[in-house]
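Please open the structure in a viewer and keep the selection tool at hand.

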Number of protein chains: 2
Amino acid sequence: MPDDDAHLIETCLSGQDLVRSDFLTLRRDTVCLPSGGQASREYLIHPGAAAVVPVMELQGGALQLVLERQYRYPVGRTIIEFPAGKLAPGERAFDCARRELREETGYTAGQWARAGQLHPTVAYSTEVIDIWFARDLTQGARQLDPGEHLDVFTATPAQLLAWCRDGTVTDAKTLAAALWLQQWMMGHWTLDWRTDEYWAAAGEQRQESTP
Amino acid sequence: MPDDDAHLIETCLSGQDLVRSDFLTLRRDTVCLPSGGQASREYLIHPGAAAVVPVMELQGGALQLVLERQYRYPVGRTIIEFPAGKLAPGERAFDCARRELREETGYTAGQWARAGQLHPTVAYSTEVIDIWFARDLTQGARQLDPGEHLDVFTATPAQLLAWCRDGTVTDAKTLAAALWLQQWMMGHWTLDWRTDEYWAAAGEQRQESTP
């Protein structure tokens, strides 16, 4: 495999927004291919998102996960997923994770760990999702957006993994989080847990991922 | 948790295509919310896709995976991913998996197993990706589309999992496939291997996932 990316990289020659709505911007760029030709690339501009794996530790050490069940109109079905949402303008990924957990489930967390990042659709969206783990949970009242309808429920890691296997769980961020959960529970991957106050004060800035 | 989905389901009242290009269709529907109000849903119509986990079995039983490295313009970086591609009109997921493996890597496979399905972006795309495993590989010549530039290389499952942990791999379908790979290698999840001829003759039809 070659040492660098020069033979793969595409560079922008020109571009225009095809649609710009309240929800999303669709863009078309003309790019220069590494071979010298040109091609069109159409993609959505997305602000980025954060997803949360909320872990409750029961007496005896058993774990319970907080999950959501929500009708997702584009795929025409109810989807089981971890709490998640889009970054508000200027919002950091941690602040988004904390806000979405509180708004959608009512929970606040005493400890947080940043797991990894996920690109759901590299072919046609700039979206990147930060995956966070949350524990030391305290229940409060949830504050759903107008028009937002979702169930909150708990399941064991074994239940979640069974649902990933049998096709009950098909959501990309939830499958990626299940990989992290499985590896963390086996002791193969470590999570760097810090207090809520640590992350709130940290200068953690979202890394740029758009062209 | 309630027994059924009636309190979650959104139904279409009207809709229109906002953009229809060679690459994609962006649509906006007005939906009736379960609470009785109305909302807008904007989403991409996607034909669906198939991804392949190509497994080479070395002498002694060690496994090597065939992977790709490709510049993904929307996210502005080179991405490591399993071979994958969109369904052609009327194409079945297995036929797409077989075609993409051959075109992008040159490999054909004697045996295939269907792992699961993945919805990369439930909020704004109808896309569903079928994940297939392929083994008993034979190398041939690849046939890239015009303007397609990608490197093909091999890695061990341990290398892939290390890259999932350290952020080198962020592609959603590849992370979901890594969960399947890990569970299969541990003997927790089983794959129902069948010959290429079996799947080619099977009446396997893609399940509808659009509203």
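The tour goes from domains to a helix, then to the core and a loop.

The coordinates are those of a predicted model. Begin by colouring chain A by its domain assignment: domain 1 covers 11-45, and domain 2 is made of 49-117 + 131-201. The C-alpha centres of these two domains of chain A are 33 Å apart.

Next, select helix H1 of chain A, residues 93-105. Now display the side chains of H1(A). Which residues of this helix are buried? They are Ala93(A), Phe94(A), Cys96(A), Ala97(A), Arg98(A), Glu100(A), Leu101(A), Glu104(A) and Thr105(A). Step just past the end of H1(A) to Gly106(A), where phi is positive, at about 90°.

Then turn to the largest nonpolar core, a set of 100 residues. Those with the most contacts inside this core are Ala50, Leu175 and Ala176 of chain A, together with Ala50, Leu175 and Ala176 of chain B. Centre the view on Leu175(A). Leaving aside residues up to four places away in sequence, Leu175(A) touches Cys164(A) and Val169(A) in chain A, and Leu118(B), Leu175(B), Ala176(B) and Leu179(B) in chain B.

Finally, select Phe23(B), in the loop between strand E1 (11-20) and strand E2 (25-32) of chain B. Phe23(B) counts as partly exposed because 15 other C-beta atoms lie within 10 Å.

Conventions: Residues numbered from 1 in each chain as written. Chains lettered and ligands numbered in written order. Predicted model: local features only at pLDDT ≥ 70, side-chain atom pairs only at ≥ 80, totals over all residues. Core = buried A, V, L, I, M, F, W, Y, C linked by C-beta atoms within 7 Å. Buried ≥ 20, exposed ≤ 12 C-beta atoms within 10 Å, placed from the backbone. Contact = placed C-beta atoms within 7 Å. Helix = DSSP H or I, 4+ residues; strand = E, 2+ residues; numbered from the N terminus. Domains from an automatic or database assignment. Expected span 1.5 Å × (residues − 1).
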